[in-house]
Amino acid sequence: MSDVSVVGLGEMGSALARALVGAGKGVTIWNRNMSKAPPLVALGATAADTVAEALEASPVTVICLSDYAATLSLLDEPVAREALEGKLVIQLSSGTPDHARSFDGWIRDHGARYVDGAIAAWPRQIGGPEAAITVAGSEKAFAAAEPLLRTLAGNINYAGTNIGHPATLANAGLAYFAGHWLGFAHGAAVCEAEGIDPAVFGDMMAEIAPMFADDMLRMGKAMTENRFDSAEATIKTISADLRWLAEYAERTGISNAFPRLATDIFQQAQDAGAGAQQHGAVIKVIRPTCNSHRDA
């Protein structure tokens, strides 16, 4: 019997398997497309013929597939369901908090313990100090999973027993990164239009990155307290600046989709009476209407 099985050998799943093998663990691997297995077998992993065989081979199975539906499609067949009995499943696939809660119930109904997790790292960082994984599950399940998890990431954050919290934080992070990626790409296109190398823009933004870390801390606190009166940059000012960004995009032929979206949202906040408040007050028009009582 091996120490751990890894189901899913995409870029991230393969990185997980490599880190576990590198930590001296006995690792069994399985993927729909087993052409990805030989490099890992050469490192010392054992390839299973079926997903059920992978589950049976180890007391713990780490799953890293595209989403929860893909996981369920593999496990919801008689032999695999039987192999789950008494096992610990660590799910590191993508999805929503609802997906995590539903899958947690399904796993426990089939006699297995469950830890749900979200990875915050590039595949190349897995196994190193920069990687972070946020997980949730029962204290007993987390205690069993923790030693393996610490071979995968330098930062393991236990979010408690609310099984949907890792996916919640992962989706929240994705919202930030999507804006970051789009914003940087748009800024790079603006630079190119004026003959500036995007690498110069990248250097500039990296140098001022600490300012954004401080800004996120301030925004988080302001949103928790629902206090937006200490404004260094107001919604009104930012709305005006964003209009210039959209106008420039239209004049130069750069896609105006991103600045138009930002302009519209900030204008909504201004129209809602938040013009004199700090930029974090934009959350007032993003929150669901059921939270409107917070905007008093």
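## Cores, a helix and a loop residue

In the largest nonpolar core of this predicted model, which has 34 residues, the members touching the most others are Val27, Ile29, Ile90, Ile126, Ile133, Leu149 and Leu152. At least two residues of this core come from each of strand 1 (4-7), helix 1 (11-22), strand 2 (27-30), strand 4 (60-63), strand 5 (88-91), strand 7 (132-137) and helix 7 (139-152). Helix 1 is the biggest giver, with seven residues. As a general background, nonpolar side chains in soluble globular proteins tend to be buried together.

Setting aside neighbours within four places in sequence, Val27 is in contact with Ser2, Val4, Val6, Leu20, Val21, Ala45 and Thr46. Another core, of 23 residues, lies apart from the largest one, and Val51, Leu74, Ala83 and Phe103 are among its members.

Now for the chain as a whole. Its secondary structure comes to twelve helices and eight strands. Some overall values are gathered here:

| Property of the chain | Value |
|---|---|
| Box filled by the C-alpha atoms, along the principal axes | roughly 65 × 50 × 30 Å |
| Residues that count as buried | 40% of 296 residues |
| Contacts joining residues at least 24 apart, among those at least 6 apart in sequence | 63% |
| Accessible surface | about 15,500 Å² |
| Part of that surface belonging to carbon and sulfur atoms | 57% |

As for charge, the chain carries 22 positive and 33 negative side chains, and 5 Å separates the centres of the two sets.

Which residues of helix 6 are buried? They are Pro97, Ala100, Phe103, Asp104, Trp106 and Ile107. Phe103 also belongs to the core of 23 residues. The cover over the buried residues of helix 6 includes helix 4 (68-75), helix 5 (78-83), strand 5, strand 6 (113-120) and helix 8 (165-193). Just after helix 6 comes Gly111, with a positive phi of about 80 degrees.

A further positive phi deserves a look: Asn226 has one of about 55 degrees, although Asn226 is not a glycine. Where is Asn226 found? Asn226 sits in the loop between helix 10 (209-225) and helix 11 (235-252). Is Asn226 buried or exposed? Asn226 counts as buried because its relative accessibility is 18%, and the cut-off for buried is under 20%.

Methods. Residues are numbered from 1 along each chain as its sequence is written. This is a predicted model: local features need pLDDT of at least 70, side-chain atom pairs count only at pLDDT 80 or more; totals for chains, interfaces and linings use all residues. Side-chain values use heavy atoms; hydrogens and water are left out. A nonpolar core is a set of buried Ala, Val, Leu, Ile, Met, Phe, Trp, Tyr and Cys residues joined through side-chain atoms within 4.5 Å. Buried means under 20% relative accessible area, exposed over 50%, partly exposed in between (1.4 Å probe, protein chains only). Helices (H or I, at least four residues) and strands (E, at least two) are DSSP runs, numbered from the N terminus. Contact means heavy atoms within 4.5 Å. Accessible areas come from the Shrake-Rupley method with a 1.4 Å probe; for residues, only the protein chains shown count as cover. Lys and Arg count as positive and Asp and Glu as negative; His and the chain ends are not counted. The place of a charge is taken as NZ of Lys, CZ of Arg, CG of Asp or CD of Glu.
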